[in-house]
Amino acid sequence: MSPPRRRDRESLVRPYLITGGRAHPTRNTLDLTTLIQATRHADPALLSPEQRRTLRLCSGGSLSIAEIAAHLELPASVTRVIVADLVDEGHLATLSTEWQQHGPDRELLQEVLDGLRALR
Amino acid sequence: MVRSAGAAGLTALAVAGAAAIARQRQRITELVREREQHLAELDHLRTKRLPALAESLNGMSSAPVPGPLWREDGTFASESLAELVDVIERIVRATREHTEHSSQRTLTGVLDTVRGLASEQHMAVSDMQHRHDDADVLADLYTIDHAGSQLSRRLRGFAVLFGAWIGQQRSATSLQDILRGAQSQIRDYQRISVSAYSPSTQGDSVGDLGVITRVVEPLVLLVAELLDNAARYSPPYAQVAVGVQHAHNGVAITIDDAGVGMPLEERRRAERLLSKQEIALDEIGDPPRVGFAVVGLLAVRYGLTVSVDAPPLYGGMRAVVFVPNELLTHIEAADESEVRQETATGSAGDEEQSSRARKRTSGGLPKRSRRTRETTAAQPDSAPPEDSDSAAGLAAWQQASESSSAVSVGENENEDPHP
């Protein structure tokens, strides 16, 4: 994970306001690489701006929590709270892949390694 | 003959003498009366005029300072006394102004130092929230961040009172972010409910509205002070409702609390402070209560109108902030632009067309899109953005470089490239 970009000013809307003061996500199954996809349409008037943006980001395909956090320019831990709420409401779903269940297979790792060596 | 002549001379002398004596007597009487007047005048000066002058100069009384007892122009006494009073008044005023200025300079200097440190600390806490991916740490950082936001609001309030720079310049910001930014800065932020969102599909909705750069920070501070007051004067379980409404020639931000209302005395004070152009340090009170003083000064300085009243049959207070059209602008919401990115590549639907058609809103407001990395990435001869963590930035850059075949990517993105 790359270090956070240094911001030159404090953001106007603070993270604690965005999550209503909650720091703990309602589920602890979400990590940075968990893939998220939008499942159903939600009434935008009932959502916060960050929730709306998250839904829009995930409506085109699946995105990882880390990517969503980067788009929202919010800390990953704050993004987790937002995403967990939307999953609870049924607007988002996690996408479990074979990769996430078993990890990458040996063959793939070998190919990546070979490729990296070839770059030198 | 000689004798009679002598007698006549004596008589004449006597008459002349008597007349002189009479004149002198009259003169003496006059002098005595004048002296009595002067003494009375001096006494009046000592016991009435000077104390009244002192009170009026100290701002303790607004009653007019009484004039002299006798207003005979041209007499030495009345002129010199008038001059004396003038001199005293001038000296006191000059001293006061000098003291006020120098204490303001000192305070501004002290304030700058404290603000610098507070801002550094706030920034560090922001960075920590990005760096640590742990909910327990985040919970602690929330507490520090919240305290930092309140501290920063207080410091900016003092800056306004001391006539100093209010703080950082921000780009044009949506009303919703303004209200939520203000909400972030008060202690009871969880009791505030902001309902500024309305779907932007209906063209010129409040959801698209924002304010121009110059008034972003002042408006945030102004609303925050009103929210703080509303939360303070309502029970701890009651919500404070914030809304935005279209009004004639502008929008109105309404802040309603369900409290018991402010005591009459407090409301009088608020009304007085809201209409002031300038506020002396000694008007802030002890302990200092700066809220309405700050709101009043900001409103006057930035062309906003604020009213606070207690509507009957309502309970609680209602504060209304009127933002005139000339301070408003159209904001292209971040989520809207993302949709445009998506639709632009695929089926460029009605969304794109309608947003192009909305270059001017129905209210006649100029449209301005928020400056994000998407636009900064399309600057002249920019290399491909290195920190392209957003696909939108890359797409914008690609679009920009395609649109102008010349080497220099146009400075004005949508206009002809340089010859």
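This is a predicted model: local features need pLDDT of at least 70, side-chain atom pairs count only at pLDDT 80 or more; totals for chains, interfaces and linings use all residues.
Residues are numbered from 1 along each chain as its sequence is written, and chains are lettered from A and ligands numbered from 1 in the order in which they are written.

Start with chain A. It holds 6 helices and 3 strands. Helices (H or I, at least four residues) and strands (E, at least two) are DSSP runs, numbered from the N terminus. From that end, the elements of chain A run α-β-α-β-α-α-β-α-α. Of the 120 residues in chain A, 40% are buried. A residue is buried if 20 or more other C-beta atoms lie within 10 Å of its own, exposed if 12 or fewer, and partly exposed in between; C-beta atoms are placed from the backbone.

Now look at the sheet of chain A. Strands of a sheet pair through backbone hydrogen bonds, either parallel or antiparallel. Here 3 strands form an open sheet in the order β2-β1-β3, with antiparallel pairing. Two strands pair if DSSP finds at least two bridges between them. Contact means that the C-beta atoms of two residues, placed from the backbone, lie within 7 Å.

One loop residue of chain A deserves a look. A:Glu73 sits between α3 (65–72) and α4 (76–89) of chain A. Its phi is near 55°, a positive value in a residue other than glycine. A:Glu73 is partly exposed, with 17 other C-beta atoms within 10 Å.

Turn to chain B. Its secondary structure comes to 11 helices and 8 strands. Of its 419 residues, 26% count as buried. β2(B) pairs with strand β4 (residues 240–247) of chain B in the parallel sense, over 4 bridges. B:Val194 stands opposite B:Val242 in β4(B). The loop between β4 and β5 (250–257) of chain B contains B:Asn249. B:Asn249 is not a glycine, yet has a positive phi of about 65°. It is exposed, with 12 other C-beta atoms within 10 Å.

Finish with two helices. Helix α5 (residues 213–232) and helix α7 (residues 291–302) of chain B pack at an angle of about 150°, with their axes 9 Å apart. Axes are lines fitted to C-alpha atoms, for helices over the stretch in contact, and angles run from 0 to 180 degrees between N-to-C directions. α5(B) and α7(B) are therefore roughly antiparallel (over 145 degrees; under 35 counts as roughly parallel, 65 to 115 as roughly perpendicular, the rest as oblique). Among the residues in this contact are B:Leu221 and B:Leu222 of α5(B) and B:Val294 and B:Leu298 of α7(B).
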